[in-house]
Amino acid sequence: MINWDGDVIFLSCRPYGENGVIASVFSKDFGRYKGWVFGGNSLKRKSCLQQGNYLSAQWKARIPEQMGTIKLELIKPISIEIIEKPIKLGILNSMCAITDLILPEREPNQKIFENTKKLLGLIGEETISDLKCLKNYIHWELDLLSDLGFGLELSKCIVTGSDKELSFVSPKSGKAVCNKVGMPYKNKLLILPRFLGGIIQNGCEDEKNDILNGFNLSGYFLKSCFAEYHSKNTPRPRQWLLQLVSNIDL
């Protein structure tokens with residue numbers, strides 16, 4: 001018998017059998033894992049098996065190659081605390097969907113786990129604004145890309161080496177470009193948001209546009225990452241989150 005136990009972040013589930021589900025969870029020490037949850041499709045268990053919830057898990061299988069079974073108990077609910085907060089709920093759904101799709105199965109990713117847990121804690125705080133949560137979410141996406149080998153270099157200009165007047169990011173290299181060098185090619189470059197070290201664009205300090213530029217930046221490289229390893233588009237929850245941000249006032 002092969003088994004492990006530990007705390008996990010719940011990512012997703014789908015029905016399997018008469019009353020069970022196949023759950024996907026994220027463990028700090030064991031990575032992304034799947035397992036069959038007996039009775040997981042019951043009303044009693046559904047409140048526990050919600051995206052982003054922090055759970056204790058016991059996974060068992062006869063041999064390592066099997067999917068195995070997993071017992072899950074609630075430690076801290078997250079989704080129910082933000083159910084009436086669209087932006088925070090959108091962040092949670094997007095984060096779980098990306099993690100579930102992009103991480104290799106059964107490979108430990110401790111740094112990504114800690115970053116994910118930290119962001120879940122942040123969006124669960126009543127006093128934290130949507131704006132701050134969105135900025136931290138963009139940082140989470142960029143950190144995820146870095147840990148998967150798609151790191152961006154945003155601290156200095158790729159041409160001059162200067163850390164001053166950074167305005168753009170090259171979509172080819174993922175490196176920052178200063179304003180003077182990049183301006184003639186601005187239509188071919190990505191905008192570097194102010195909260196990531198960029199300068200104010202055209203004298204405008206619009207926070208919403210800054211957030212949207214952040215989504216555009218990380219989303220461009222996420223899409224490349226998905227295309228290279230998964231032949232899939234960015235998950236729908238992220239698309240829905242971006243649409244939500246585009247349609248509301250921050």
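**Entry 1: the cores**

I looked up the largest nonpolar core first, and it has 50 residues. A nonpolar core here is a set of buried Ala, Val, Leu, Ile, Met, Phe, Trp, Tyr and Cys residues joined through side-chain atoms within 4.5 Å. Buried means under 20% relative accessible area, exposed means over 50%, and partly exposed lies in between (1.4 Å probe, protein chains only). Ile91 and Tyr137 have the most contacts inside this core.

I noted that this is a predicted model, where local features need pLDDT of at least 70 and side-chain atom pairs count only at pLDDT 80 or more, while totals for chains, interfaces and linings use all residues. Residues are numbered from 1 along each chain as its sequence is written, and side-chain values use heavy atoms, with hydrogens and water left out.

Which residues does tyrosine 137 touch? Leaving out residues up to four places away in sequence, I found Ile91, Ser94, Met95, Ile98, Leu119, Phe215, Arg238 and Leu241. Contact means heavy atoms within 4.5 Å. Another core, of 16 residues, lies apart from the largest one, and Phe10, Val21, Leu55 and Ile70 are among its members.

**Entry 2: helix α3**

Helices (H or I, at least four residues) and strands (E, at least two) are DSSP runs, numbered from the N terminus. The expected span of a helix is 1.5 Å times one less than its number of residues. For the 14 residues of α3 (110–123) that gives 20 Å, and the end C-alpha atoms are 20 Å apart, which agrees.

Then I listed the buried residues of α3: Ile112, Phe113, Thr116, Leu119, Leu120, Leu122 and Ile123. They pack against β1 (2–16), β2 (20–27), β4 (54–61), α2 (86–102) and α4 (130–147).

**Entry 3: salt bridges**

How many salt bridges are there? I count eight, taking a salt bridge as a side-chain nitrogen of Lys or Arg within 4 Å of a carboxyl oxygen of Asp or Glu.

Glutamate 141 and arginine 238 form one of them, at 2.7 Å from N to O. This pair links distant parts of the chain, with glutamate 141 in helix α4 and arginine 238 in helix α7 (residues 236–247), 97 residues apart. Both glutamate 141 and arginine 238 are buried.

Lysine 111 and aspartate 147 also meet in a salt bridge, at 3.7 Å from N to O. Lysine 111 belongs to helix α3 and aspartate 147 to helix α4, 36 residues apart. Lysine 111 is exposed, at 51% relative accessible area, and aspartate 147 is partly exposed, at 30%.

**Entry 4: cysteines**

I looked for disulfides, meaning pairs of cysteine sulfur atoms within 2.5 Å, and the rule gives zero. For cysteine 48, the nearest cysteine sulfur is that of cysteine 13, 10 Å away. For cysteine 157, the nearest is that of cysteine 178, 3.7 Å away. Cysteine 48 is buried, at 6% relative accessible area, and cysteine 157 is buried too, at 2%.

**Entry 5: a sheet**

Last, I traced an open sheet of four strands in the order β6-β8-β7-β9, with mixed pairing. Two strands pair if DSSP finds at least two bridges between them. β6 (153–157) and β9 (190–191) stand at the edges with a single partner strand each, so one side of each has no neighbour in the sheet. β6 runs parallel to β8 (residues 175–178), and two bridges join them. Glutamate 153 has lysine 175 as its bridge partner in β8.
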